[in-house]
Structure formats: structure tokens, C-alpha cells
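I opened my notebook to look up a few things in this structure. I wrote each one down as I went.

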Amino acid sequence: MRKTSVIVVSILVVALFTMPAFADIQNSEHDFTASSTATRENTGGYTDLKDNTTTTCSPCHVPHNASKNTLLFQTSYNDAETLTAYNTGDTFSAETKMCMSCHDGTIAINTSTKDYMTADGTSGGTKLVENLGTSLTNDHPVGSSVTLPSSANTNFNSPSLVDAQLGGQVTCGSCHDPHNTTNGSFLETAKDGLCLDCHNK
Amino acid sequence: MIKAILNRKILTYGLIFSLVLVSFMIVFNLKVLAEETDQNLDEYPTKHIENIVGERDDRGFLMKLLFGPKTTVRLDKPFGVSVDDKTGKIYVADTNNAFVMEFESNGSYSNRIGEHELQSPIGVDVSDDRIFVADAKAGKVYIFNKEGKFIKDFGGYTTEKVTFKRPTGLAVDNKRQRLYVADTGAHNIKVYDLDGNYIETIGKRGTEEGEFNFPVNIEVDKQGKLYVVDTINYRIQIFDAQGQFIREFGETGITLGDLPRPKGVAVDKQGRIYVTDAYLHLVQVFSPKGTPLFFFGRPGKSDGRFVLPAAIDIGENGKIYVVDSGNHRVQVLKLKEDRGSNE
């Protein structure tokens, strides 16, 4: 089971990374669609996005189509400049920005009314993602460059369940896996273990 | 049994072969990418005029001189912007502030609109004598007069008949007395008169001409032509004043002219079409026919750069107002000496 999933994932990765090359010979967008939707169905909140002929994956995995006779932009993923986020000097990852490009109140919600927990797991704490967004003073910090655990900060465990430091910072993807629908809310791991995976109190 | 072993072997060799192939391709692609991005892109110079960042507490001259003007309410998650060509006033809708902010043409804060009515304004536009605001959270469109006095609202999620699923961008055609509202959740454009009486609905969900997939913003030009940001179809669609499809342009990708996440649209005096993109973090400018002409901005936080740009508007005076939501500001820009006006 594990093996097959590894194979499937590697084939998908292959498909994703080789698109620009194949684009020279084939119609890449169709290719992308065919290879992706056949193997990995997103059944969570994205049913909406895959209605009709719109593909499930291309909204997030924007094809880098090099076959067209025009110039490529330096993608936002090469963004070298830092952005002020939760604390000064913090940066947003490309992934966080990608999530926010839909979760801005238009295509998808940028506020939530759900119940939240404090870091020690008791309820009634900070509204975790009440205001998903760029100013996160009342939400969970993303884009924080705090390294986990650090000698300066003893409040953290070394996380084992979540991807704590995609590029050295907390991102939307630290807690969420946009492909994983088993835990609800696209969470990386079950809600009860999620917080204490990083926080130790 | 033998078959199974054979299959396994084929699988293993196949995998090794494809991995080797892939490594070659990755190397090749990186090279191509590096070469392509090194070239000079068709970036157009802009003059940065000012940043609007929020309400300032406009105290006396002496206080300002001593302490500098203090920003009391910061823009947090702005989305909508509209400039009133009659008065020069700028209206900004911020989803995190339960009111629309009004600024003088010089960027100084002047008034709050709808403080007692709005929950989470997202789209804003003005007619001769009114201000129209879409509130996605309330599911309503609100109408105010220019003094900020509430006139009426319509829609709402609680009523029996659901008017909007998620109203976001809106645009006023003053001449034809029409209000267009992009209903992102319902994947269509709803048309009203300027008193909020329903006229008709344009389009439905789909990818064909005249169909939409999460339309988030709209603009009307002088001839009454309608420009719709059809975000998850990665394109702009243009309609005539009767709602008939004229043309479309854009697709997903990261080359010049692509629109992987279009968010705002505006048309200048020459009919050129400006489109913000929250994936590329810049503004691209197209000819009236939809041919890419040039772009301005890049990802970043310095002046003239953008993070998650949203709505855009252009004044009669040529000033360009871009909501730079990730940097919590509205940037006011101007194109440097105009080139290519006869394109």
C-alpha cells in the first residue's frame, strides 16, 4: 500500500516537473489535466472547483508552459523580498500567498466562525483562523520565522506529525494539507494532536 | 507467478528509466527557465505617487509637525477601490473593517461610510450621486448617498429567496443607469437599476463564452461595455451594453499575458485593459482586442511592487489606484510618459 502510494506520488511529481519539457511537443494543459485527475481526486471542499471541465489541480499547480513563444515571468515563488507579516521582518511563504489568492473573501472565505482551542488543547482560546489573512494579530501566526524548537523558545516540541518548517516558517501548509481530506478542514493530522505537535503547553 | 515477477521487473526498470529521464528533464528545464527569466521583460515604468494606508488622525498643524500624522485605523485586508471623478474622492472597501473608507484626492482620510450597516465590505463603486457597496458576509448590496447616508440595501442570506450567494465586485454604468454585481458564489452577473430593482442575470457556471467560474470583479467603460474578471476560468470576458458576448482573453500559466489569478480590471481613456493578478503579483495591460502590451510591478513590498493585488481603478486624470492587499495599502501610480498610445 505504502509502496504503491510512493510510486503514484513519484509519478505525479514527475508529471508536475516535466510539464515544461513536454509542453514543447504536446498540448501541455490537456496533458496536465489527464494525468492528474485520473489519479488523484480531491473530494473535499473542491468539488466546487472541479465542476464542469475545470481541472482540480491547475488552480494551485499553475502550469509553467514554456512552449509559448513569450517570456516567462519570474514567478512569485522566487520572491526575494521580505514582507511584514505577524511580526516585523517575518515573511510569507509562496504557499501562504497562493492560499490567500483565493481565501481573500471572494472565491473562498477569509474569515471563519468556528470554535477554537488554546495551545494547551482547552477550548475557548484565541480564534485561530477567524481572520485568515495578512494581518494575523488575532489569528495563528503564519509566516513567522520562529524555528522549532529553539534554545530561545522552550515552548515548543520538535514536531513529528506536521510539516513545521516549510522553508523555515509556519505556513498554511504547516497545519493544512490541501490534498488530505481525512481529518476534515484539510488538516495535516487529527485536530486533537495538531497543536501539541508543536506547542508543549 | 512468472508473469508477476516479470511485471515487477518491468515496473522496476520502468521506474529507474523514468527517474533517469526525469532528472535529465529537470536539469534541462531549470536551464531553460534560467535563460528565459534572465531576459528583459516588457516592464513599463510607473511613477509612484502615494500610498494610502488607512485613516489618519488629522490633528492640528502643530501636533502633526511635532509628532507626525498618526494612522488610527490601518487598512488590513482591503479588496475594493473606486475613485469618484467628480470629487476626486477615493473609496476603499476593506473586508476587515465594517465600513468603507473615504479619502480625499490627496490621500488624506475624510469619512467612514456605512459604519452602522456594513459587516465586511468587499466591492465598491460610485454613480453621480450614490455609493454602492457589496458585502460578501452579509450577502447584500448597500446604497448610500455621497454624504454617506444610508438609502437602502437588498439581498441578504436570511431572506426566503436567496438573492446572492456571494456578492463581491460591482460596477455602475451611470449613463445607462445600471448596476452590475458579480455573484462569485453563484457564478453569474446580476444586473439592477440604480435603485436596486432587479433587471436580469448574465451567464451561468461553465467555461464557454458567456459562462463563468468564480467571477470576482467587473468594470464598465464609457460605451457601456462590461469587462468581467472570470477568475477560475483564468480570463477576462467582454460584453456589450446589451450583455452580448464580444470577446475573451487570458489563460492560466506564468508567461506574459497569462492570468493565473486575475482579481481586478480597469479600462483607461484609450481603452486599454488593466488586469491585476494575485498569483503573479503584478498588473498587466492589454489592448482593447486583448493583446498583451506591457506590465508593471513585481512581487514585493517596496513602492510600485505588489503582494496579492486586488481591485484596480483609473481616474480621468490618469491616476491608477491599485489595492495592494498583502501590503495593506492602496498604491496610487501613474504611467511614465505614455508610449504606445496608438496601439
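I start with a term: contact means heavy atoms within 4.5 Å. I also note that this is a predicted model.

**Entry 1: Ile90(B) and the cores**

Which residues does Ile90(B) touch, leaving aside its neighbours within four places in sequence? I found Ile52(B), Val81(B), Ser82(B), Val83(B), Met101(B), Glu102(B), Phe103(B), Glu104(B), Ser105(B) and Tyr321(B).

I then looked up the largest nonpolar core. It has 32 residues. Those with the most contacts inside it are Val81(B), Ile90(B), Leu179(B) and Val330(B). Strand 4 of chain B, residues 78-83, gives this core its largest share, three residues. There is also a second, separate core of 17 residues. I noted Val216(B), Val229(B), Ile232(B) and Val267(B) as included in it.

**Entry 2: the sheet 4-5-6-7**

Next came a sheet of chain B. It is open, has four strands in the order 4-5-6-7, and pairs in the antiparallel sense. I marked strand 4 and strand 7 (109-113) of chain B as the edge strands, since each pairs on one side only. On average, neighbouring strands here are turned by 25° against each other, direction ignored.

I looked at one pair of chain B in detail. Strand 5 (residues 90-94) and strand 6 (residues 100-103) are joined antiparallel over four bridges. Val92(B) has Met101(B) in strand 6 of chain B as its bridge partner.

I wrote a reminder beside this. Strands of a sheet pair through backbone hydrogen bonds, either parallel or antiparallel.

**Entry 3: Glu55(B)**

I found Glu55(B) in strand 2 of chain B, residues 54-57. Is Glu55(B) buried or exposed? Its relative accessibility is 3%, so Glu55(B) counts as buried. The cut-off for buried is under 20% relative accessible area.

I checked the side chain for polar contacts. One joins the side chains of Glu55(B) and Arg112(B), at 2.8 Å. Another, of 3.5 Å, joins the side chains of Glu55(B) and Tyr109(B).

**Entry 4: the sheet 12-13-14-15**

Chain B has another open sheet of four strands. Its order is 12-13-14-15, with antiparallel pairing. Why is one side of strand 12 (167-173) and of strand 15 (198-202) of chain B left without a neighbour in the sheet? Both stand at the edges with a single partner strand each, so one side of each has no neighbour there.

Five bridges join strand 12 to strand 13 (residues 178-183) of chain B, and the two run antiparallel. In strand 13 of chain B, Leu179(B) is the bridge partner of Val172(B). The hairpin of these two strands has four residues between them, and Gln177(B) takes a positive phi near 55° there.

At the other end of the order, strand 14 (residues 188-193) of chain B runs antiparallel to strand 15 of chain B, with four bridges. Ile189(B) stands opposite Ile202(B) in strand 15 of chain B.

**Entry 5: Phe132(B)**

Phe132(B) lies in strand 9 of chain B, residues 130-135. Its relative accessible area is 0%, so Phe132(B) is buried. Beyond four places in sequence, Phe132(B) has contacts including Val172(B), Leu179(B) and Leu194(B). Tyr142(B) is 10 residues from Phe132(B) in sequence and 5.7 Å away in space, C-alpha to C-alpha.

**Entry 6: positive phi**

Most residues other than glycine have a negative phi. I looked up two non-glycine residues with a positive one.

- Phe214(B) has a phi of about 55°. Its place is in the loop between strand 15 and strand 16 (215-220) of chain B. Phe214(B) is buried at 5% relative accessible area.
- His328(B) has a positive phi of about 55°. I found His328(B) in the loop between strand 25 (320-324) and strand 26 (329-335) of chain B. Its relative accessible area is 17%, and His328(B) is buried.

**Entry 7: chain A**

Last, I turned to chain A. It has six helices and zero strands. Of its 201 residues, 39% count as buried. The accessible surface of chain A comes to about 10,500 Å², and 56% of that belongs to carbon and sulfur atoms.

Key. Residues are numbered from 1 along each chain as its sequence is written. Chains are lettered from A and ligands numbered from 1 in the order in which they are written. This is a predicted model: local features need pLDDT of at least 70, side-chain atom pairs count only at pLDDT 80 or more; totals for chains, interfaces and linings use all residues. Side-chain values use heavy atoms; hydrogens and water are left out. Two strands pair if DSSP finds at least two bridges between them. Buried means under 20% relative accessible area, exposed over 50%, partly exposed in between (1.4 Å probe, protein chains only). Accessible areas come from the Shrake-Rupley method with a 1.4 Å probe; for residues, only the protein chains shown count as cover. A nonpolar core is a set of buried Ala, Val, Leu, Ile, Met, Phe, Trp, Tyr and Cys residues joined through side-chain atoms within 4.5 Å. Axes are lines fitted to C-alpha atoms, for helices over the stretch in contact, and angles run from 0 to 180 degrees between N-to-C directions. A polar contact is a pair of N or O atoms within 3.5 Å; within protein, one must be able to donate a hydrogen and the other to accept it, and residues adjacent in sequence count only if both atoms are side-chain atoms.
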